[in-house]
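The sequence and the structure come first.

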Amino acid sequence: MKDAAEYLGLSPHTLYVWRHRRQGPPSFRMGPRGRVMYRRNALDAWIREQEQADSRSNPALSPLIAASQRKSGAFLDA
């Protein structure tokens, strides 16, 4: 978990809390002690999902762009 937290730029505690709340990147337990593991490709995919969900990174979600499109008539009612 420490390496995954470092990779994400988070504290291990934050990652622990997110896992407990079933938030954050996917993880699994491995081995007899049930060590928590994160796959690097799953971390990368989770980061991309976070970028897409953030309106500052995804113009389609920006309220400013949506408002300008409504003013210009870009949206049509079905």
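## Overall make-up

Of the 78 residues in the chain, 19% are buried. The model is a predicted one, and the values below are computed from it. The accessible surface of the chain is about 6500 Å², and carbon and sulfur atoms account for 51% of that area.

Four helices and two strands form the secondary structure. Their order along the sequence is α-α-β-β-α-α.

## The largest pocket

What is the volume of the largest pocket? The value is about 240 Å³. Its lining consists of Met1, Lys2, Asp3, Ala4, Tyr7, Arg35, Val36, Met37, Tyr38, Arg40 and Leu43. Sorted by class, seven of these lining residues are nonpolar and four are charged, while no polar residue takes part.

Which elements supply at least two residues each to this lining? They are helix 1 (2–8), strand 2 (35–37) and helix 3 (40–53). Helix 1 contributes the most, with four residues.

## Val36, a residue of the pocket lining

Val36 is part of strand 2 and is also among the residues that line the largest pocket. Is Val36 buried or exposed? Its relative accessible area is 12%, and since buried means under 20%, Val36 counts as buried.

Beyond its neighbours within four places in sequence, Val36 has contacts with Met1, Arg19, Ser27, Phe28 and Arg29. One of these, Met1, also belongs to the lining of the largest pocket. Ala4 is another lining residue. Between Val36 and Ala4 there are 32 residues of separation in sequence, and their C-alpha atoms are 10.0 Å apart in space.

## Arg22, a residue in a loop

Where is Arg22 placed in the chain? Arg22 sits in the loop that runs between helix 2 (12–20) and strand 1 (28–30). Its phi angle is near 60°, which is a positive value in a residue other than glycine.

The relative accessible area of Arg22 is 80%. Arg22 is therefore classed as exposed, as the cut-off for that class is over 50%. Val36, by contrast, is buried.

Terms used. Residues are numbered from 1 along each chain as its sequence is written. This is a predicted model: local features need pLDDT of at least 70, side-chain atom pairs count only at pLDDT 80 or more; totals for chains, interfaces and linings use all residues. Side-chain values use heavy atoms; hydrogens and water are left out. On a 1 Å grid over the protein atoms alone, a cavity is a set of points where a 1.4 Å probe fits but cannot get out, and a pocket is an open set with protein on both sides within 12 Å along at least five of seven lines; lining residues have an atom within 4 Å of a point. Grid points are joined across faces, edges and corners, and a volume is the space filled by probe spheres set on the points. Ala, Val, Leu, Ile, Met, Phe, Trp, Tyr, Cys and Pro count as nonpolar, Asp, Glu, Lys and Arg as charged, and the others, Gly among them, as polar. Buried means under 20% relative accessible area, exposed over 50%, partly exposed in between (1.4 Å probe, protein chains only). Accessible areas come from the Shrake-Rupley method with a 1.4 Å probe; for residues, only the protein chains shown count as cover. Contact means heavy atoms within 4.5 Å.
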